[in-house]
Every structure is written in C-alpha cells, then in structure tokens.
Amino acid sequence: MTDTTTRSEPTLLTLVPKTTTPQTMKDFKSDQEVRWCPGCGDYAILAAVQSFMPTLGLAKENIVFVSGIGCSSRFPYYMNTYGMHSIHGRAPAIATGLATSRQDLSVWVVTGDGDALSIGGNHLIHALRRNVNLKILLFNNRIYGLTKGQYSPTSETGKITKSTPMGSLDAPFNPVSLALGAEATFVARTIDSDRKHLTEVLRQAAEHEGTALVEIYQNCNIFNDGAFEALKDKDQAQTALIRLEHNQPIRFGIDNNQGITRNPTTGDLNIVTITPENEPHILTHNAHNPNPTTAFALSRLAHPDTLHHTPIGVFRSTQRPVYDTLMNNQLDTATEQLGKGDLGSLLAGKDTWTVVG
C-alpha cells in the first residue's frame, strides 16, 4: 500500500540545534557510576542509546531525558545530557511541559511498566493522544524491580510474586495495544538484547513527528529472570518472533515458512503455514496505514503467558498535527490579536472582591 501521509511540519531533528563537533558514544557517558544489578537488561539499553545518540548530530545541551521512579528511572544520571529524575508516573506530564515550551529540545522519557502503566497510566495515555513531541522508552520487565519483586500491570495472570503468593488475578496490559487505543502516532516494540533492532527502532522513533512510544522487553535477572527467554533463545525465537518491516510480507518461522493472513469473513488475523495456494494472501505490513485496525490486531497475536507469536518492530508510524506546534501557533495568534498578556490580571480574573472587617 502507498503511504499517503503528509509531512508538512518541521521535524524534531530540524528544530533542535545541530552540533558541528563530531560526537562519539563516550561523549554521552556521564561521570556517574552505573548502578544496576549485574546482568540487568538496562545496561544493554543504556549502551544502545549512548551509541545511537551521536548519529543524531544534536547538541547535547538540547537533549533532555526525563524519568519517573523505578530501576529504569536512573537513566538520566548516566546520560551526559540534561535530565530530570522526577516523581512516580509523572514523567510524561513534566516532559510535556518541556516539549511544548522549548521546541528546541529533544525530549526523551524513560519509564517502566509499573511507573508508566500503573500510577502513571493517565499521564501516558494523554501524552499519546495529544501527540506531544516526546520519545517514550517503556522498559517492560513484567515485574516491579526497584521495590523487590511485586507483580506489575504487565505480569501474566497467575504470576506468583511477593505480593501475589497465590498467583495474580489481574489480566495484564498490552502496552502496544494500549498505545494504539490512545491514538498514538508511533508505536513500536523491541528487545534489550537485540542491539541492531533496538537501534533501528530508536532511529525511526527519533525521526518521528509527535509522540513515539517504544516498548522494550527488558530482562530483570533478579526478580523475573527469563521472562522473555522464548524470544531470545535462538531456536525458540525462530517461531516465536514475528519481525515487522514496512512494505514487506509478514513471514517468520524456520525458513520463513509461516505467515499471517486475514480471514475475509471475520477480518481476524490467522497464522498459517505458507503454501503456494495461500502465499499470495500473506499480509504485507503497512506501518503508515492511518487506520490502526491491523496494527491493533497484530499487537494481539502474542500469547500473554508464553509470548508465542510476538511481533516486534514498528506497528504504526503515521502523521497528524503535533501538539507543540498547534499550541505555539495558537499563542502566536492570540498575541497578534490581543497583544501581550498581563499575568497579574489573568491570576486575579474579573470577579474579585475585598473582604472587609
């Protein structure tokens, strides 16, 4: 299918000042000791981001990382950029203020499945629906790590943890489905240990106009070790992972012998063994489709317990007006029509009175 979206607004990369000095991974490493548990998947993500940042060619002074609370939220300490370790679940709200008031900043949010989807769920969905110029990295380890192993909003049903000794009764969130339901314009999923794939997804997110949400499957080797083993084991991954590439047939499995078709009656997606008869009907992935129906259906393929048939890659990348630009245009129009505002008058309002005696 042809991508019919338009890109009339300036991109994030054109608004943020460039640097004329060549940069390396070392330039983005801070002087702080990295303090995660040995073997934590966060190390791999940090290294990928630090090595990726120089490719953007942006001035470090115009890059900001904002985090909430959790293991992943230590991220800003380790990036040699500006950053803020904020409060639980509120990183998207704080980052929204930065992005809308300073369009010359590249604003990144680092959050976890507990931080973003529990106390921060409301802030996350509204940042997505507004389409603020943010890049949100959601580290999903399906557990609360910082508070020592309680079940999280993405833990599978029946999960036995310190807070659910008889097994969790909750149905888990699917972060990709949630983001698509909130009308996010860019939604992707990747894995901490797949450096090449992670870097490519980050590149596409950075170039996107508006909010980009990237779910990163991240291993917590202390409290939930092996949660994504089916997607990392060389043999299992061949049949478990479905790699989405724009404008490419959705094929996977050993020798790419499996694919996805659509039931013409129900519209459901089916996983089939490819034959000469059904090969012409294998679905071609269109990340730029303005209708999120197929992207949502793809997000529902993964079994919540076994993660069998889990798609990774960019599910959706479409264009609609960016909140930052709309807001600043509105302010410019108001200034032209009404002149510069008076903060004192605004705070006092028209209905004021004096209490006497």
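Guide: Strand E1 (residues 63-67) is joined to E2 by four bridges, and the two run parallel. Within E2, Tyr82 is the bridge partner of Val64. Strands (E, at least two residues) and helices (H or I, at least four) are DSSP runs, numbered from the N terminus; two strands pair if DSSP finds at least two bridges between them.

This is a predicted model, in which local features need pLDDT of at least 70 and side-chain atom pairs count only at pLDDT 80 or more, while totals for chains, interfaces and linings use all residues. Residues are numbered from 1 along each chain as its sequence is written, and side-chain values use heavy atoms, with hydrogens and water left out.

E1 and E2 belong to an open sheet of eight strands with mixed pairing, in the order E2-E1-E3-E4-E6-E5-E11-E7. Strand E2 (82-85) and strand E7 (241-244) are at the edges with a single partner strand each, so one side of each has no neighbour in the sheet. From one strand to the next, the twist averages 20 degrees.

Helix H2 lies across E1, strand E3 (106-112), strand E4 (135-140) and strand E6 (212-217), running at about 160 degrees to E4. Such angles run from 0 to 180 degrees between N-to-C directions, and axes are lines fitted to C-alpha atoms, for helices over the stretch in contact.

H2 (residues 42-52) also packs with helix H8 (residues 195-207), at an angle of about 50 degrees and with the axes 10 Å apart. H2 and H8 are therefore oblique to each other, a class left over once angles under 35 degrees (roughly parallel), over 145 (roughly antiparallel) and 65 to 115 (roughly perpendicular) are set aside. H2 contributes Ile45, Ala47, Ala48, Val49, Ser51 and Phe52 to the contact, and H8 contributes Arg195, Leu198, Thr199, Leu202, Arg203 and Ala206; contact means heavy atoms within 4.5 Å. By class, eight residues in the contact of H2 with H8 are nonpolar, two polar and two charged. Here Ala, Val, Leu, Ile, Met, Phe, Trp, Tyr, Cys and Pro count as nonpolar, Asp, Glu, Lys and Arg as charged, and the others, Gly among them, as polar.

A word on confidence. The protein averages a pLDDT of 92, and 96% of the residues score at least 70; pLDDT is the predictor's confidence in each residue, from 0 to 100. Over residues 1-9 pLDDT stays under 50. Where pLDDT is low, the predicted coordinates should not be read in detail.
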